Amino acid sequence: MKCVLIVSSGEKSEGASELHRMGYELELYPSTADLSPLRDAREEESASYLGRSPASAERSHVRSLRASFIRLLEDRNYAGSDLIIFGESDAVPMVASSRLETALRKEMKEHPETDIFRLFHHAVWSPQGAPGESDEILFEDFKTGKTDANTSYVWGTHALVIPAARRPRVARVFADYRLPTDIALEAANSHGDLKIRVARHNLFYQHERTKQRPDCKIAVCLSSYKRLTDLQRQIWCMMDQSYPNLHVFAAVKGIPEGTYRRTVLPLFEHFIHEGRLTMRLFPNKNQLSNFLDTIRDLNVSDYDLFAKIDDDDLYGRDYFKSVNKFHLHLPPEFSSFYCGPGEYLSVLGGYPFSANGFIGSFAPT
């Protein structure tokens, strides 16, 4: 069987070796930036199904994937065969091509009304949950009729078989529903626009993508009001971070200018001259404005991430190494926040100590 996978810039076929080993013919299909096929004609149904504005779930890579699937399904090079697996670069097989082809021919004969045969069932990111050699490969009607966080199904479009006669109908769903590809298919199935059958076992799984992007250039934004000891400790902490591709922007507040120039600047002039620190004095305002003062009127167009830190929070030496690693797995336009247990510096009886707290606030993000 042929497996045609959409790949974006920097991606690779995660399951290439397994596909070849199990007898699949692999073809990579480049994603497109041409969004002209997208009509968004069923925006009202999309909003109703999603429970909120479709724009809230839409990013540039989402629209690109929709358009790429449309172009792929309309490509005349694949019109001659019903047995083509369409998917994404993270698809990895768990059954041999010959075995799957036999099962699909049987399914198509018994259920000619089916628009899509989904080759995956529940969420796994490693080769587990595959049918045994003695197990029959079985499909069932796709039962999800609404968005449900507790469904046993995994979302995704990493491995789909769409008979040739059904591809225009599926392409229309991608064009008209203003939803991510997997949710669009579920909505269309719920509204009766498509008939989908899903494998009872995982025949393919989603491998974690190893798409390589350059490390993030991080602007570390620190505002400190009347806490010179905390300010000094935090700047030294940031200068000792194991992640090198960062620059600290500090807004100092609540002290006279003379004190700032005589006692604060001399401590950090070498970091400033090295190009690792920008530090300026500002009057105190509100929390948001204090944060913005850190980079106010500066050209920060080269930075990928803007990380707010507090002067009294405690950050491990690998903090920004982990931040960078996390964001390399997100689309470039995504942001994140941390809401969980963290450490901060407190004082009891005049002695500083590390306190633990679960703070869902602006501070530790």
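This is a predicted model: local features need pLDDT of at least 70, side-chain atom pairs count only at pLDDT 80 or more; totals for chains, interfaces and linings use all residues.
Which residues are buried in α7?

**View 1. Helix α7 and its buried residues.** The buried residues of α7 are D230, L231, Q232, Q234, I235, C237, M238 and M239.

**View 2. The aromatic pair of Y24 and F204.** Across the whole structure, a search finds 10 aromatic pairs. One of them joins Y24 and F204 in an edge-to-face arrangement, with 5.7 Å from centre to centre and 70° between the planes. Y24 belongs to the loop between α1 (16-21) and β2 (25-30), whereas F204 is part of strand β9 (residues 204-206); the pair therefore ties together parts that are 180 residues apart in sequence. Y24 has a relative accessibility of 4% and so counts as buried. F204 is likewise buried, its relative accessible area being 0%.

**View 3. The aromatic pair of F249 and Y303, with K217.** F249 and Y303 pair edge-to-face, at 5.5 Å centre to centre and 80° between the planes. The pair links distant parts of the chain, 54 residues apart: F249 lies in strand β11 (residues 246-253) and Y303 in the loop between α9 (287-293) and β13 (305-309). Both F249 and Y303 are buried. The ring of Y303 also has the charged end of K217 over it, 4.7 Å from the ring centre.

**View 4. A cluster of aromatic rings.** Y29, Y78 and F86 are linked into a cluster by ring pairs.

Note on methods
Residues are numbered from 1 along each chain as its sequence is written. Side-chain values use heavy atoms; hydrogens and water are left out. Buried means under 20% relative accessible area, exposed over 50%, partly exposed in between (1.4 Å probe, protein chains only). Helices (H or I, at least four residues) and strands (E, at least two) are DSSP runs, numbered from the N terminus. Rings of Phe, Tyr and Trp (its six-membered ring) pair if their centres lie within 6.5 Å; planes under 30 degrees apart count as stacked, over 60 as edge-to-face and the rest as tilted. A charge sits over a ring if NZ of Lys or CZ of Arg is within 6 Å of the ring centre and within 35 degrees of the ring normal.
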